[in-house]
Amino acid sequence: MSHILLEYGQLTKRKEYTMQTFKYEGKEIKSPFDQNIMVYENEEIIENRFGGDKVTVPGFAAAVYDVIIGSEMVQDWDKMEKGCSWFAKHFPKAYMTLLD
């Protein structure tokens with residue numbers, strides 16, 4: 001299926017969305033979300049909101065974390081749970097520090 005978009009006065013076709021993947025330590029890791037997310041280029045230091053403990057994660061993991069927190073704020077529990085499960089699987093130590 002393709003979508004028709006009006007772009008600068010012309011009709012264009014866009015390919016069906018494919019889920020984002022990230023390359024990390026020789027592995028390909030699929031995004032937990034059905035839409036693209038803005039990914040940080042460098043590693044990011046994230047501080048636990050409640051206890052202040054800090055962890056360093058790759059930019060794509062920091063972006064997933066941002067979506068998790070945003071989803072919590074707007075009460076999108078399904079998206080939040082997808083992100084938390086993904087984080088626990090791929091970055092268990094960071095998950096325990098930031099989200100558990």
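Reader: Which residue takes a positive phi in the hairpin of β5 and β6?

Author: That is G52, with phi near 85 degrees, and the hairpin has six residues between its strands. Strands here are DSSP E runs of at least two residues, helices are H or I runs of at least four, and both are numbered from the N terminus.

Reader: What kind of model is this, and how are residues numbered?

Author: This is a predicted model, where local features need pLDDT of at least 70 and side-chain atom pairs count only at pLDDT 80 or more, while totals for chains, interfaces and linings use all residues. Residues are numbered from 1 along each chain as its sequence is written, and side-chain values use heavy atoms, with hydrogens and water left out.

Reader: OK. How many bridges join β5 to β6?

Author: Four, and the strands run antiparallel. Two strands count as paired if DSSP finds at least two bridges between them. E44, for one, has V57 in β6 as its bridge partner.

Reader: What else does V57 touch?

Author: Leaving aside residues up to four places away in sequence, V57 touches E43, E44, I46, A62, F87 and A94. Contact means heavy atoms within 4.5 Å.

Reader: Which residues touch the most other members of the largest nonpolar core?

Author: V57, W86, F87 and L99, out of 25 residues in that core. The elements giving two or more residues are β6, α1, α2 and α3, and α1 gives the most, with nine. A nonpolar core is a set of buried Ala, Val, Leu, Ile, Met, Phe, Trp, Tyr and Cys residues joined through side-chain atoms within 4.5 Å. Buried means under 20% relative accessible area, exposed means over 50%, and partly exposed is in between, using a 1.4 Å probe and protein chains only.

Reader: Switching to α2. Which residues are buried there?

Author: M80, G83, C84, W86 and F87. They sit on the same side of α2, because they cover an arc of only 165 degrees around the axis; the arc is that of the directions from the helix axis to the C-beta atoms.

Reader: What do they pack against, and what is on the other face?

Author: The buried residues pack against β4, β6, α1 and α3. The face turned away from the buried side carries the exposed residues D78 and K89.

Reader: Now β3 and β4. How many residues lie between them?

Author: Two, in a hairpin whose turn includes E25, with a positive phi of about 50 degrees.

Reader: Is E25 buried or exposed?

Author: E25 counts as exposed because its relative accessibility is 66%.

Reader: Which other non-glycine residue has a positive phi?

Author: Q75 has one of about 60 degrees. Q75 lies in the loop between α1 and α2, and its relative accessibility of 55% is why it counts as exposed.

Reader: And Q20, buried or exposed?

Author: Q20 counts as buried, because its relative accessibility is 17%. Q20 is in the loop between β2 and β3.

Reader: Which backbone nitrogen lies 2.8 Å from a polar atom of its side chain?

Author: That of I37. I37 is also among the residues that Q20 touches, not counting those up to four places away in sequence; the others include I29, K30 and V39.

Notes:
A polar contact is a pair of N or O atoms within 3.5 Å; within protein, one must be able to donate a hydrogen and the other to accept it, and residues adjacent in sequence count only if both atoms are side-chain atoms.
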